Amino acid sequence: FVKKEFESNEPTFKIFWVPLVGKAKLIKNALIVMIAISEYEDNKKWPNLESSKDTDINNFRYIFKEELKYEFECNKEHKMNKDDVNQFLADLISSHKLHKNKNQYDALIIIISGHGDEGDVL
């Protein structure tokens, strides 16, 4: 039985959107966007985050891409400023044709992994 489950290529769990009002919706075709910032200019104020660079990205990629079969995108640069993040998102909007949702995504999930403090976040 266990071997059959692993060979089925179906996700072992599903994500449902449950609105405050209305019916629950099964998310089948989501775009997952992860912004993982793990390297910083000022290591005294914000130390580099090695876990974000490796563990966090791999764990989220596995859950969303391998298990749920969603499209998963993550930045390649480990050090990003506000302009870099804006450019990454603009490129993503263009490359995935999000203005008209031509890929017919039924959900957009954005994950941000990094440091931040009050009044100084993305």
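Is Tyr 70 buried or exposed at 4% relative accessibility? Tyr 70 counts as buried, because its relative accessibility is 4%. Buried stands for under 20% relative accessible area, exposed for over 50%, and partly exposed for the range in between, computed with a 1.4 Å probe on protein chains only.

## Model and confidence

This is a predicted model, in which local features need pLDDT of at least 70, side-chain atom pairs count only at pLDDT 80 or more, and totals for chains, interfaces and linings use all residues. Residues are numbered from 1 along each chain as its sequence is written, and side-chain values use heavy atoms, with hydrogens and water left out.

The predictor's confidence in each residue is given as pLDDT, from 0 to 100. The protein has an average pLDDT of 81, and 77% of the residues score at least 70. Among the elements, the lowest mean pLDDT, 48, belongs to helix H1 (residues 2-7), and the highest, 96, to strand E4. Helices (H or I, at least four residues) and strands (E, at least two) are DSSP runs, numbered from the N terminus.

Strand E3 covers residues 30-36, and seven of its seven residues are buried. Ala 30, Ile 32, Met 34 and Ala 36 point one way, while Leu 31, Val 33 and Ile 35 point the other way. In a regular strand, side chains alternate between the two faces of the sheet.

Two strands pair if DSSP finds at least two bridges between them. E3 runs parallel to strand E5 (residues 107-113), and seven bridges join the two. Four bridges connect E3 with strand E4 (residues 71-74), also in the parallel sense. Leu 31 takes part in both pairings: its bridge partner in E5 is Leu 108, and in E4 it stands opposite Glu 71.

Lys 69 belongs to the loop between helix H2 (50-67) and E4. This residue counts as partly exposed, because its relative accessibility is 41%. Its C-alpha atom is separated by 8.7 Å from that of Ala 30, although the two residues are 39 apart along the chain.

Rings of Phe, Tyr and Trp (its six-membered ring) pair if their centres lie within 6.5 Å; planes under 30 degrees apart count as stacked, over 60 as edge-to-face and the rest as tilted. By this rule there are two aromatic pairs. Phe 60 and Phe 64 are stacked, because their ring centres are 6.3 Å apart and their planes lie at 10°.

Phe 60, at 30% relative accessibility, counts as partly exposed, whereas Phe 64, at 9%, counts as buried. Phe 64 and Tyr 70 are also stacked, with ring centres 6.4 Å apart and planes at 20°.
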